[in-house]
Amino acid sequence: MPQTTPKGLHRLAFGGDYNPEQWPEGVWQEDVRLMREAGVTLVSVGIFSWALLEPEPGRYDFDRLDRVLDLLHENGVRVDLGTPTVAPPAWFYRAHPEALPVTAEGVRFSYGSRGAICHSSAAYRAAATGITTRLARRYAGHPALALWHVHNEYGVPVSACYCDNCAAHFRRWLAGAYGSIDAVNEAWGTAFWGQRYGSYEEIDPPRATPTVGNPAHQLDYRRFADATIRENFRAERDVLHALSPGVPVTTNFMTALSQCDSIDYWAWGREVDLVTNDHYLITDGRRTHVNLAMAADLTRSVAGGAPWLLLEHSTSGVNWQPRNPAKRPGEMARNSLAHVARGSEGAMFFQWRQSRRGAEKFHSAMVPHGGTDTRIWREVVALGADVEALAEIRGTRTVPDVAMVWDWHSWWAQNLEWRPSEAHDARERADSFYEALYDRHLTVDFAHPESDLSAHPLVVVPALYLTTEAAGRNLREYVENGGTLVVSYFSGIVDEHDAVHPGAHPGALREVLGLTVDEWSPLLDDQRVTVTGPDGAALTGDVWTEFVRPRGAETVWTYADGPAAGGPAVTRHRLGRGTAWYVSTRLDAASLDAILAAACEDAGVAPRAGLPRDVEVVHRAGDAGQRYVFVLNHSTEDAEVPLDGSGKELLHGGPADGGLTVPAGAVRVVRLDG
């Protein structure tokens with residue numbers, strides 16, 4: 001069984017991407033001195049160094065990397081060693097121009113960036129496993145080696161290639177998945193628009209067409225692209241497992257729905273020894289700390305609830321968004337410790353020293369251009385001390401309250417063309433439901449729709465357009481066995497091939513919800529509807545309405561106006577020992593709270609009283625009975641937070657008995673007694 005924690009690392013991870021090749025060797029000594037000052041325990045090395053390690057085909061130069069790893073070891077810093085396969089050298093592309101990816105419109109990308117890879121290229125796979133083999137043979141026994149880091153951020157910037165090599169590979173993939181061309185025709189519904197195929201050779205990737213292409217064809221190509229990338233990861237991983245046993249292998253995910261939409265992380269989570277993630281705040285006007293919490297919860301869930309590792313985030317502003325504000329004083333530490341609260345075994349950054357050249361020279365770093373006489377450096381040193389003070393939480397797990405169902409395949413399918421309303425966005429629904437749960441101070445696990453949900457008293461389904469029969473049965477059995485389910489509109493509609501389930505909507509979820517939907521009536525941009533509840537309270541919906549027909553469910557909220565006026569807007573269905581709620585219009589996070597309050601009452605999920613908005617309280621617990629409470633105050637006011645017991649505050653010392661004062665913008669961590 002592969003090791004699942006960084007080898008030889010007995011503290012929380014703190015550090016970042018270290019790229020000494022960008023600097024004269026004289027800077028390296030200063031780097032390790034500053035790393036000691038900041039309390040750095042782990043750095044990522046070599047991720048973009050292929051051209052230096054193999055300057056010509058078959059000629060290797062490891063002298064620089066030898067010196068770097070030896071220097072880090074001498075200074076007590078562990079190494080996350082990258083395989084540099086995200087950035088093949090110029091000589092490789094000169095020899096193999098076919099390894100550059102092609103767009104659906106037939107344009108082949110040029111060399112000069114990163115991640116420009118056709119993952120169906122046999123030449124690329126051979127070269128990637130070749131350099132990985134050389135690295136593994138040389139460094140498997142190096143005393144600094146803690147973790148292998150394959151590639152970098154799979155899925156961005158290119159997730160799919162549409163070249164002829166990919167076409168041939170896609171045909172082989174289809175033959176393996178379906179077994180016959182007749183099965184492909186049946187699954188894809190090729191009788192529509194006369195698209196029937198007589199052989200696999202007639203099938204191409206879903207390239208640019210005059211109008212909308214076959215949606216099942218497009219969906220399968222997304223699956224194929226993801227599976228092909230995963231094949232290349234496995235090829236490198238298996239080399240490392242064979243030649244470097246006992247050292248875990250990872251690759252850095254980007255689980256936030258705001259950052260990567262092309263990777264099925266449920267599948268990828270089963271392939272790595274340790275789940276790691278990169279997260280960057282999206283400055284689009286949203287509450288960025290909510291997006292951060294959501295990404296951390298999703299990453300932990302991909303890890304099966306086990307500890308994971310934040311491998312990249314930023315000390316301050318990034319450089320790739322339209323506007324890149326600096327983080328406010330204290331925000332870097334609060335961001336970092338929010339990830340730790342939600343399961344990360346440390347906090348790492350891109351990158352250690354800010355680059356002077358290249359595309360990311362304005363991206364913040366642990367050592368900024370201004371050096372050590374800067375606010376960022378002082379905050380980095382202070383954060384290093386905080387991370388060190390939390391070493392005892394290693395191995396404990398975040399304690400969830402409720403669960404949210406999410407499926408990347410459903411997201412892919414819903415995002416295809418010609419849906420009832422382009423304003424209905426699965427990510428927006430997930431964000432809004434998560435934000436509503438966050439504002440109820442509930443910690444969320446994410447779950448695959450076919451996974452075991454029995455441990456969760458409340459399960460929320462914000463968007464599940466694609467619902468397999470197995471998922472429908474799973475959700476029904478969850479409710480029958482005593483669970484409380486909340487489902488949002490346009491869920492349960494199609495199967496895994498994007499074929500509408502037979503009969504009335506919502507297809508696979510009709511039985512559990514106790515209703516049918518006669519028709520959808522999406523709203524225009526400026527349209528709103530009012531829904532009224534049993535107490536006369538009114539909420540406002542937009543984007544979507546439905547003509548709902550209860551078939552066992554009771555109407556709890558009613559459309560007061562709009563296309564479905566007088567009809568059910570929110571229903572409740574008692575089934576077996578549990579309850580299923582259905583919300584048929586788009587409510588914002590604040591309005592959703594009224595629905596979730598009733599669902600939480602059904603589920604026996606008690607509200608956390610006395611907590612202000614934007615104050616997070618998250619629990620971690622260990623197998624030996626250890627209990628920790630993280631309190632993160634994202635607000636501008638000091639907060640009084642009740643505690644379930646007494647204990648010791650770990651970051652600043654001192655007792656905590658029954659309650660805690662947390663200054664505005666601050667973090668406190670309490671080890672509870674008993």
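## Aromatic pairs

Searching the whole structure turns up 34 aromatic pairs (rings of Phe, Tyr and Trp, the last by its six-membered ring, with centres within 6.5 Å; planes under 30 degrees apart are stacked, over 60 edge-to-face, the rest tilted). This is a predicted model, where local features need pLDDT of at least 70, side-chain atom pairs count only at pLDDT 80 or more, and totals for chains, interfaces and linings use all residues. Residues are numbered from 1 along each chain as its sequence is written, and side-chain values use heavy atoms, leaving out hydrogens and water.

Take tyrosine 60 and phenylalanine 62: they are stacked, 5.9 Å centre to centre with 5° between the planes. Tyrosine 60 is partly exposed at 24% relative accessibility, while phenylalanine 62 is buried at 7% (buried is under 20% relative accessible area, exposed over 50%, partly exposed in between, with a 1.4 Å probe and protein chains only).

Tyrosine 162 and tyrosine 221 are stacked too, with centres 5.1 Å apart and planes at 25°. That pair ties together distant parts of the chain, 59 residues apart: tyrosine 162 sits in the loop between β4 (145-150) and α6 (164-178), and tyrosine 221 in helix α8 (residues 215-243) (helices, H or I of at least four residues, and strands, E of at least two, are DSSP runs numbered from the N terminus). Both tyrosine 162 and tyrosine 221 are buried.

## A cluster and a charge

One aromatic cluster is made up of Tyr154, Phe233, Phe253, Tyr265, Trp266, Trp268 and Trp408.

Elsewhere, arginine 353 lies over the face of tryptophan 23, 5.5 Å from the ring centre (the rule: NZ of Lys or CZ of Arg within 6 Å of the ring centre and within 35 degrees of the ring normal).
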